[in-house]
Structures are given as structure tokens and as C-alpha cells.
Amino acid sequence: MFRSYILDLGKAFHLHDLEIVYRHCYTFSPCETLSKKKLRLTKTNGNNPWYAIYNPNFLSLRYIHSKALKSKVKPFPFIGDKVGQIEKDSRSYLQNAKSFEKYVGIYKQAFEVSIASGGEKSIERHVKRHGKLLLPDRLKLLLDNTEDFLELSVIGGIGMEYGNIPRANILTGIGKVMGRYCLVVANDGAFKGGSIYPITLKKQLRAQEIAYQNKLPCIYLVDSAGAFLPLQAEIFNLGGSTFYNEAIMSAAKIPQIAIVCGSCTAGGAYVPTMADEAVIVDKTGAIFLGGPPLVQAALGEIVSAENLGGATVHCGTSGCTDYFACTEAEALQMGRDIVASLHVSCTEDLDLEHFDEPVFDPNEIPGLISSSGSHQDINMYQIIACLVDGSRFQEFKAMYGQGLLTGFAHIKGHLVGLLANQGEINEKEASKGAHFIQLCCQRAVPLVFLQNTLSDCPLITKNKNQDVSLGLVLKAQAKMLSAVSCVNVPKITVIIGNGYGSSHYIMGGKAVSPNFLFAWPNARAAIMEPYHLVQAIASETGAENSKETLDKLLEKVHRESSAIFGASRLSNDGIILPQETRKVLSQCLSICKAYRETRSQESPVFRM
């Protein structure tokens, strides 16, 4: 193997000492690699981190990044030559960064509304009158480290038809308890007494789906007054599905643990009673199908919540709960002790133990996202270089189907198969994608989709040749969609630009049940590009000649296709910022691996 050195400026180096240059920056002929011809390394202008490499024998010039020169020998080639220089002082870069901040500002507004819960008065009543802890305080007592907690769908429930429902009135996320990854589902009793809305159940069902896919033990922190009755028609059946999921997961040996911190009223009473083990807090915890007001209305009997369904009743008489806690702090410690007794191991092995940070700064990504909003000119090599270890990427089939980038990389030591849009997914791209997905499946390598799809090609053809061509595209896309749907390795998707049409499904969209699906604040997802969608709607409704109608339609479609709208309706698992993407992907990969049993693929890799 070639040796690698830290290179000093102003010196000439023999070829056998330039392993980094040989692999990552320069293309040599076979005879040249055996000779001892010299290259000269010189600094480019100013504080630019790029170096020029000059070969006097061939009168050729290439560039290499300073950090790549100092890196150790690691798997996969450095892709700096495909990224080029990022001009942070250029007008377009600054304009892009400023435009991106607008999206971030809209997201932060929704985020602030979500974490505000029920407001100051409601929070004060929750803490002082009822003597309960707030969600952040409960998490601190339950989790090993709240900083590593991956919260899902933070802005879910914002801007609903029935008002803002902060966090959809239920917190869901994944964190470590006694060194083991667990899914936490916690009602927010500080907003409307923890009432359950349709969006609440939708969020809980998605969290349970994630737990089932990744075999995560579930911990339910229950504090709910039950269903919001004016919307009962939208709640009834969804509510039953959450109990069904508890039973199914328990049967699959995925532990179900409940800690009753407040009321468990009506259907909510099934959460602790269907759990494997349940803890209840004295004086504040209560479980009943009908609370004291309903008992008085139906029977004329006055009874306290404690006597009707408190901790003493359920621990000593009914047996619905297993552990009696005097305080919430004690109850949450009991929850930790239960997790310690689960006898499950949490795998944390990395594929590459000592990994490098990206050569290109992830903080530079906002300046790479076009301010035009079309996202069609995003250079995926630049995005990949900002996210993967050492900005190294082993591209698969680089010269074939160039509208889809595929290849291997590491993200904080985790080996992944990357698929990223660099144009339309036509016949070659889809065949290439299906081949690569099967390859990853064979090797048990998780898939990461960086999605920026274009609108689908029109289905109307003008001649037989176009008809045949379109048929080939559809066949190849169906092949890739089948591969994505049936793959038995984790799928993690980030919509960094557009998620339009059937290409959205092919690239790990919500329809193919990815383990995790996130979006950047600028992202859009819809059946087609907004302008074309408006034209299609207008032609069907006969409104194509009304400018006012078209403008209103366009505004509506823009709003409903935005990442913020999708996140509030739980079309994705949350908004993440470009700067946080590498960390979130690493967390997701660790979670997916924690309890995963490798399943072998019982068929060969079909090349095309």
C-alpha cells in the first residue's frame, strides 16, 4: 500500500509518497505510477484552502483541499474535485443563504409555539395546583442524557383546522434509558389536560410504527383526560389502533412499559392495562373508564378520583398496575429499573471506529440551496461532501444514469448506501438504483436517500417512439420501486429540495415506509410541481381563464406542499436543519442498528 504523509508547501515529492494525491486528485497512467517523476504542490491565492498540483511532464494542473492532504488513509476517495471551490463571498451564495434563513425563520416560529405547551397559566396550574412535572422535567429524570434525545414531529399539530395543538399534545422521541434505546410517548397534561385529538393519535401511531420497525422498547408517560369529544368521529377507530399496536408489539417481544403520571380516562385507561408492566403515582395518577363527574351524572354518587381509580385501588385491589410510587421522581426511577431488567442488549458497533469530520463545512449548505425555490440546480456532490466522513464517497456506476448518484460512504462511522437525485429518474437511473439497492440489501448496508426529485414526465405521447420510451421508463421505475419497498435494511430519507410525483415514492418517500423521513425547511412535497398542479386543477374545474382563481390556487398549493405544512400534518417525521442533518442521520443509524437482526437476502443481485 502507498504511504501517506502530511505534505509541506514549496517542495517536490516523489509519486510513491503522494498516496492521497494519487487516489483522490490526480489520474495517472500505469507507467507513471511506477516511475519517480515529481509533482509540485503550490498554495492558491489568499486564505483559500485549495492547493494546486502541477505535473511538469504532462503540463497539467489539478487542485486538492488542504484537509485531504493531512488525512490518514481511509476508505473511499475524496470527492473535492467534483465539488469545486465554494465561493462564500459570491453574490449568489450570500443571496441563497439569506433566502434560506426565511424558511428557517418560519420553522422557528412554529417551533416556539409547539414548545410553549398550554401557556403560562396552564403550566402554572399543572405544576402548582396539580403538583405534576412538566414534560422536559420528566424526560430529565427518565433518560440517561436528554441532549441525545431524538424528538420526532416537534411541530406536529400546528395550524390545524381546529387550532394550534402544540406538539400534537403528545411528545414522541427516542433516547437512552439505562444504556438502551427506548421510544418515549408522553402526553402533555399542561395543554387541555392532555386531551387527545386526531393529530395526537396520528403522531402516536407513527411513533409505534417506528418502534415496531426498529424493535424499540416503548415507555408511555400517561397524563390524559381522554378524547376531545367534539372530534370523536375522527378519534374513535384511530384510538383503538394504538391499543392494538401495544398488543402486537408485546407479542413480538418488544417491551411495553407505562408510567401513570396523571389521569388515564376512558380509552386511555387501556394504555397502562395493556402494558407489560405499569407504574402509578400516588395522589396524581388515576385510571378509570368514566371519571367522577360521569359517575355522579349517571349514578348520582359523589366519589373522588383517588377512591375511584387511584394508585391504592389499582395496586392493591384491581391489580391493573404493578408498582406504587409516592412521587413522579420515584415512578420514573422505577421505569428506569424496569428497563434495566429487560435483558436486551443494545448494539453500538461502528463500521469505522475512528472517523473524520467532513472536509466541507455543513454550515455552508444554506448558501448552496438556490434562492429561486426550484431546487433544480442543487449540486448533490456538494451536499454529500458536507455530510459524509472526510467528504469521501465511493460512487457506484458514476458514468451510467447520471441523474441519480449512488455509492457508499460513512456517516460518523456508520457505513451507508447513498442515493441522491441529480436530475430526472429515467430508465438508466431507475435500473441503476434497483441494482444498487439490491447490492446494499445483500451486504446489510442501510440506505440513505437525499431526495430532490423533479416532476414526472408527461403521460401524453405524440408518437410510437415516445410511447415505447415512456414504457421502458415506467418498467424501470417499477423495478426500483419494488426494490425500495421490499428491501430488508433500514431506510432513512431526507427531502432536501423537492419531493414530487411518483419519484418521491421511489426515493424513499412516506408511501414505502422508511424507518425515518425528515425534511429541510425549504423542502416541498406534492403530486407535481405547484404551477403544473394549479394548471391541472384549473383545467378540470374550468377556471383556467380566471387570474384571481389561479392566484388563490397557487397560494394554496404552495402552502400545502411546504415542508412546514407537511411536518404539522405528520407527512414527515420532522424538520431538521442542514447543519443538524449529519448528527440526526447518525442518531437514526445507531437506533436502527441497536436491536436489528440481520436477515439474509435469499436471491442474487440482479444487475439491471
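How far from the sulfur of Cys346 is the closest cysteine sulfur, and in which residue is it found? In this predicted model, the closest cysteine sulfur to that of Cys346 belongs to Cys182 and lies 8.5 Å away, which is too far for a bond, given that a disulfide requires two cysteine sulfur atoms within 2.5 Å. Cys346 is itself buried, with a relative accessible area of 18%. Cys592 likewise takes part in no disulfide, the nearest cysteine sulfur, that of Cys588, being 6.4 Å away, and Cys592 also counts as buried, at 2% relative accessibility. By this criterion, the count of disulfides comes to zero.

The largest nonpolar core contains 83 residues, of which Leu216, Ile383, Ile384, Leu418, Leu450 and Phe516 touch the most other members. Because domain 1 (117-342) and domain 2 (362-529 + 563-594) both contribute residues to this core, it lies between them. When neighbours within four places in sequence are set aside, Ile384 is in contact with Ile79, Phe393, Leu405, Leu418, Ala420 and Leu450.

In α7, which spans residues 135-142, the buried residues are Leu135, Arg138, Leu139 and Leu142. These residues cover an arc of only 100° around the axis, and they are therefore placed on the same side of α7. The elements that cover the buried residues of α7 include the helices α6 (120-129) and α14 (328-340), together with the strands β6 (170-177), β7 (180-187), β8 (218-224) and β9 (256-265).

Methods: Residues are numbered from 1 along each chain as its sequence is written. This is a predicted model: local features need pLDDT of at least 70, side-chain atom pairs count only at pLDDT 80 or more; totals for chains, interfaces and linings use all residues. Side-chain values use heavy atoms; hydrogens and water are left out. Buried means under 20% relative accessible area, exposed over 50%, partly exposed in between (1.4 Å probe, protein chains only). Helices (H or I, at least four residues) and strands (E, at least two) are DSSP runs, numbered from the N terminus. The arc is that of the directions from the helix axis to the C-beta atoms. Contact means heavy atoms within 4.5 Å. A nonpolar core is a set of buried Ala, Val, Leu, Ile, Met, Phe, Trp, Tyr and Cys residues joined through side-chain atoms within 4.5 Å. Domain bounds come from an automatic or database domain assignment.
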